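Before reading the questions below, please look over the structure shown here and keep it in view while working through the answers.

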Amino acid sequence: MAHQWRFFRSGGFDQVNLDKIEDWQQLDQLDPKLWAALSCPVRGLEFDSRTLRYLDTDQDGRVRIDEVKAAVRWALQMLKTPAVLLSGDQLPLNAIDDSHDAGKTLLASAR
C-alpha cells in the first residue's frame, strides 16, 4: 500500500506535512512535483549555512532533492529508533545505532 501523504496550505500553496517518522521514511517516494522547492541556495537563507554546505554534496551552491533524500536516509540509518528525530531538539547519544561501522564512527565522533 502506498504511503498516504497529508498536506497543509501555507504561502498560497499546498505543502506536504512531515510530522510523522513514516513520512520521513517514505520521503524517497514523494513525487518531485510535490516538493515545495527543487533546490535552495546554500547562502542567504535563515538556516545554518554550514548545514546547507554539508548537504550540498556536489558543492554546486544548491541543495537539491536528491541531496536532501540522501541526508534523510543517512540520518534514519544512524538511529536505533528513527522516531527520536522528531522527539525534541537534542539527540541522546544512546539513540545512535552503533551496530554497524558508520554508527560506531558517528557515536565516537559525537562523544
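**Questions on a predicted model**

Q: Leaving aside neighbours within four places in sequence, which residues is L30 in contact with?
A: The model is a predicted one, and in it L30 belongs to the largest nonpolar core, together with residues that include W5, V16 and W35. Once the neighbours within four places in sequence are left aside, the residues in contact with L30 are W5, V16, W35 and K69.

Q: What pattern does the chain follow when read along the sequence?
A: The chain contains four helices and four strands, and its C-alpha trace spans about 45 × 35 × 25 Å along the principal axes. Reading these elements along the sequence gives the pattern β-β-α-β-α-β-α-α.

Q: What percentage of the residues in the chain are buried?
A: A residue counts as buried when its relative accessible area is under 20%. Among the 111 residues in the chain, the share that is buried is 26%.

Q: Among contacts in the chain between residues at least 6 apart in sequence, what percentage join residues at least 24 apart?
A: The contacts considered here are those between residues at least 6 apart in sequence. Of these contacts, the part that joins residues at least 24 apart is 27%.

Q: Which element gives the most to the lining of the largest pocket?
A: The largest pocket holds about 1,100 Å³ of space and is lined by 38 residues, with W24, F47, L55, V68 and V72 lying nearest its centre. At least two lining residues come from each of β2 (13–16), α1 (21–25), β3 (39–41), α2 (49–55), β4 (62–64) and α3 (65–77). The element that gives the most, with nine residues, is α3.

Q: How many residues in the lining of the largest pocket are nonpolar, polar and charged?
A: The lining of the largest pocket is made of 38 residues. Divided by class, these residues are 29 nonpolar, four polar and five charged.

Q: Which residues line the second largest pocket, and which elements give two or more residues to that lining?
A: The second largest pocket has about 160 Å³ of space, and by class its lining has eight nonpolar, no polar and no charged residues. The lining residues are W74, A75, M78, L79, L85, L91, L106 and A110. The elements giving two or more residues to this lining are α3 and α4 (101–110).

Q: How far apart are the closest N and O atoms in the salt bridge between D14 and R9?
A: Side chains of opposite charge can pair when their charged atoms come close. In this pair D14 is partly exposed, with a relative accessible area of 47%, whereas R9 counts as exposed because its relative accessibility is 57%, over the 50% cut-off. The closest N and O atoms of D14 and R9 are separated by 3.1 Å.

Q: Which residues are linked in a network of salt bridges?
A: The structure holds seven salt bridges, including one between R50 and D48 at 3.5 Å, N to O. The residues linked in a network of salt bridges are R6, D19 and D23.

Q: Where is Q59 placed, and what is its phi near?
A: Q59 lies in the loop between α2 and β4, and it counts as exposed because its relative accessibility of 57% is over 50%. Its phi is positive in a residue other than glycine, and the value is near 55°.

Q: What distance separates the C-alpha atoms of T51 and W5?
A: T51 is found in helix α2 and counts as partly exposed, at 33% relative accessibility. T51 and W5 are 46 residues apart along the chain, and their C-alpha atoms are separated by 27 Å.

How values were computed:
Residues numbered from 1 in each chain as written. Predicted model: local features only at pLDDT ≥ 70, side-chain atom pairs only at ≥ 80, totals over all residues. Heavy atoms only, no water. 1 Å grid on protein atoms, 1.4 Å probe; cavity = no way out; pocket = protein on both sides within 12 Å on 5 of 7 lines; lining within 4 Å. Points joined across faces, edges and corners; volume = space filled by probe spheres on them. Nonpolar A, V, L, I, M, F, W, Y, C, P; charged D, E, K, R; others polar. Salt bridge = Lys/Arg side-chain N within 4 Å of Asp/Glu carboxyl O. Buried < 20%, exposed > 50% of the residue type's maximum accessible area, 1.4 Å probe, protein only. Core = buried A, V, L, I, M, F, W, Y, C linked by side-chain atoms within 4.5 Å. Contact = heavy atoms within 4.5 Å.
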